[in-house]
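Good morning. Please have the sequence and the 3D view open while I talk.

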Amino acid sequence: MQDQTIALTLCLSMCAAYGLQLGSDHGPLYRLYNDLLEHYKPYIRPRKNPNETVEVVVSYSMASVEALEETTQTVDSSGFLTLQWTDDLLTWNSNEYGGIDYINIPVEKLWFPDLSLTNGVDVLSLILPIGEKARVTSNGSVTWFRDLKKRTKCSLDMRHFPFDTQTCSINLIQWVTDIRQVNMTAGIVVIESSLFQRNGEWEITGKSKGTFLHRYNDHIIQTEIEFTFIFKRKYLYYIITNILPVMLLSVLNLGVFLLPPESGEKVSLCISIVLSYAVFLSVIGGRLPEVSDTVSIFSIYLLTMMFLKVATTLVTVLGLNVYHGFSEQNVSCATEQQEIHCLNTFREHDSPKKKIQI
């Protein structure tokens, strides 16, 4: 009886151990994640040799341009940053893990480069993960796709408004590390045609990239990456609503001299045209930034035409004053002659020989 109890106990123990073994074996993917991240420290640079530099390639894909505000000189845009680097601590032999060549790992669990948006409207614009996953291959290559929807500053040149072309950029710089630890280089800059949403006012006519070094002292040198886009304004709307009406007002301005003085509407027409120019000047001024570095040629043209119209109004008033002055003098003279003629006619009946000489 005792032997049977011992045999049953051993059998149950073996079954329990086998069951635990089966329960703990979640497959090669689980083992791969566990082996890679069990002792991984995301705050340590991904190099086995601490003297080696991490090479990071930064690319940008433009997806849409929501707005380019002239008054605030800002650009609202959406796109994708692509950051690529090699992590020496995330390599494996795919044959030992069921032929798995790549996996997706949350970026928060990995080391990632420190970048900051330098021309953002926000006070601090660090490029931090917001729930994305990075693609990691068996040779340690890491690719992180980061959504970037920001409002950035852009210095506008409104001299040729509304036929202007503006150049705006997205600037990224290292936040803590320097070039000896992490070397940033600009990759490609593209306009994602499959996702790009066209803007009704602006079109992108060019793009470029650049890399600049900032030397703060002999020990700290950081890299700044610049992605530049050239925006050209679609001017058809402004031709219809601004330029053509102003040209018609200029023609109407000449019609003041063709209007006869007897109509009594010359001054009213002049004042109406002056007010129209003032309205257009106010509308155009409301769309332009409040800076004195560059002034729109169109605004100067409107202001010049307004001055000419004020001068035309003054000349019209002077001309009417002179015209009506001569008219009153002629009327008074004609009235005096009529009175004398009537008096002579009356005296002819009494004394035909006595006439009043004019």
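This is a predicted model: local features need pLDDT of at least 70, side-chain atom pairs count only at pLDDT 80 or more; totals for chains, interfaces and linings use all residues.

Let me start with the core. Nonpolar side chains in soluble globular proteins tend to be buried together. Here the largest nonpolar core has 62 residues. Which of its residues touch the most other members? They are V58, L81 and F227. As for where the core comes from, strand β1, residues 54-69, gives the largest share, with seven residues.

Take V58 as an example. Leaving aside residues up to four places away in sequence, V58 touches a list of residues that includes L81, L83, L115, L172, M184, I188, I225 and F227.

Next, the strands. β1 and β2 form a hairpin, with four residues between them. In that turn sits Q73, which has a positive phi of about 55 degrees. The two strands are antiparallel and pair over eleven bridges. To find one of these bridges on the screen, look for V65, whose partner in β2 is S77.

β2 also pairs with strand β6, residues 141-153, again in the antiparallel sense, over 13 bridges. On that side you can look for T82, whose bridge partner in β6 is F145.

Is β2 largely enclosed or open? Strand β2 covers residues 74-86, and ten of its 13 residues are buried, so the rest of the structure largely encloses it.

Now the disulfide. For anyone new to the term, a disulfide is a covalent bond between the sulfur atoms of two cysteines. The model has one disulfide. The cysteines are C154 and C168, and their sulfur atoms are 1.9 Å apart. C154 is in the loop between β6 and β7, while C168 is in strand β7 itself, and the two are 14 residues apart. Both C154 and C168 are buried. What is the handedness of this disulfide? The torsion about the S-S bond is about -80 degrees, so the disulfide is left-handed.

Last, the aromatic rings. A pair of rings is described by the distance of the centres and the angle of the planes. The count here is eight aromatic pairs, and I will show two.

One of them is F161 with Y238, an edge-to-face pair with 5.3 Å between centres and 70 degrees between planes. F161 is in the loop between β6 and β7 and Y238 is in helix α3, so this pair ties together parts that are 77 residues apart in sequence. F161 has 3% relative accessibility and counts as buried. Y238 is buried too, at 4%.

The other is F163 with Y235. Their ring centres are 4.9 Å apart and the planes are at 55 degrees, so this pair is tilted. F163 lies in the loop between β6 and β7, and Y235 in the loop between β10 and α3, so the pair ties together parts 72 residues apart in sequence. Are these two buried or partly exposed? F163, at 45% relative accessibility, counts as partly exposed, and so does Y235, at 37%.

Finally, R135 lies over the face of Y102, at 3.7 Å from the ring centre.

That is the end of my part.

Methods
Residues are numbered from 1 along each chain as its sequence is written. Side-chain values use heavy atoms; hydrogens and water are left out. A nonpolar core is a set of buried Ala, Val, Leu, Ile, Met, Phe, Trp, Tyr and Cys residues joined through side-chain atoms within 4.5 Å. Buried means under 20% relative accessible area, exposed over 50%, partly exposed in between (1.4 Å probe, protein chains only). Contact means heavy atoms within 4.5 Å. Two strands pair if DSSP finds at least two bridges between them. A disulfide is a pair of cysteine sulfur atoms within 2.5 Å. Rings of Phe, Tyr and Trp (its six-membered ring) pair if their centres lie within 6.5 Å; planes under 30 degrees apart count as stacked, over 60 as edge-to-face and the rest as tilted. A charge sits over a ring if NZ of Lys or CZ of Arg is within 6 Å of the ring centre and within 35 degrees of the ring normal.
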